[in-house]
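Please examine the sequence and the structure shown below.

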Amino acid sequence: MAKTRRMLSENLKLIDVVIELLDARIPKSSQNPEINKLARNKPRVIALNKSDLADPEKNNLWINRFKQDGIDAVCINAITGEGLPNLLAQLRKIMEPELKKAAERGRRSRPIKTMIVGIPNVGKSALINKIAGRATAVTGDRPGVTRNKQWVRVNPEIQLMDTPGILWPKFDDPQTGMNLAFTGAIRDEIIDIATLASNLLEVLSKLYPEQLKSRYKFDEIREKPGHVLLEEAGRKRGCLVSGGEVDYYRISSIVLDEFRAAKIGRITLESPEEESDFNE
């Protein structure tokens, strides 16, 4: 991680605009404070990836929040390409004054140099491949696939740099680490899967109770702890072992998979109105 931070700091000198990729379901938790510090003096566009999995109303609230902070933001889906024209338009908008000056001085047009930064598994390589229209970056559904920086010439207008995702060594807020684990930015092996699924169900019971009740056929969920909800979900889904005991590993895997695939619903775990210190 220290090596990656040094590399990012050095390469920022070559960059015109930083594309900061965040997970739309957890915009606060998925913003690495190290990246925020490193990129502070560079023009920046925030791309809220996986916005198709997030609450549409919350997506709009986050876009407005970033605008209030003076940062352009767009919702995208790096897999389907939805929102990419808006992202590219923002890059051109930011660089328009500088490119116009260069043209007036008779200088030949050059590509806009951008760096895509973000935490592991947020979709950086998938975004590069979609913009470029070809498999130029290695992708995967697990954190830490990209290992080295690489330049990708998208078209005559834009040149992209992919970089490894970096997680910070310590989370001051335990909920940040939990949110990252819920969405898969942290490997499932790091936290006991039943504990993770129980915590997720408890959070969802407060934020999206109706969606949770509908998906797992719960009769009542108010004030029930997560481990009780997990056991009930296991029995409702028939995840049982000999003796009628709940197979906690199986139902935990189901809950996490269904949350990450938006089968429970389009869910956002963080609201901008709760983040008064965001981007500070």
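Two aromatic pairs are present in the structure; rings of Phe, Tyr and Trp (its six-membered ring) pair if their centres lie within 6.5 Å, with planes under 30 degrees apart counted as stacked, over 60 as edge-to-face and the rest as tilted. One of them is a tilted pair of tyrosine 216 and phenylalanine 218, with 6.0 Å from centre to centre and 35° between the planes. Tyrosine 216 counts as buried because its relative accessibility is 1%, and phenylalanine 218 counts as buried at 5%. Buried means under 20% relative accessible area, exposed over 50% and partly exposed in between (1.4 Å probe, protein chains only).

This is a predicted model, in which local features need pLDDT of at least 70 and side-chain atom pairs count only at pLDDT 80 or more, while totals for chains, interfaces and linings use all residues. Residues are numbered from 1 along each chain as its sequence is written, and side-chain values use heavy atoms, with hydrogens and water left out.

Strand 4 (residues 112-117) is largely enclosed by the rest of the structure, because five of its six residues are buried. Helices (H or I, at least four residues) and strands (E, at least two) are DSSP runs, numbered from the N terminus; two strands pair if DSSP finds at least two bridges between them. Strand 1 (residues 17-23) runs parallel to strand 4 and is joined to it by four bridges, with valine 18 opposite methionine 115 of strand 4. Five bridges join strand 4 to strand 6 (residues 158-162), also in parallel, and methionine 161 of strand 6 is the bridge partner of methionine 115.
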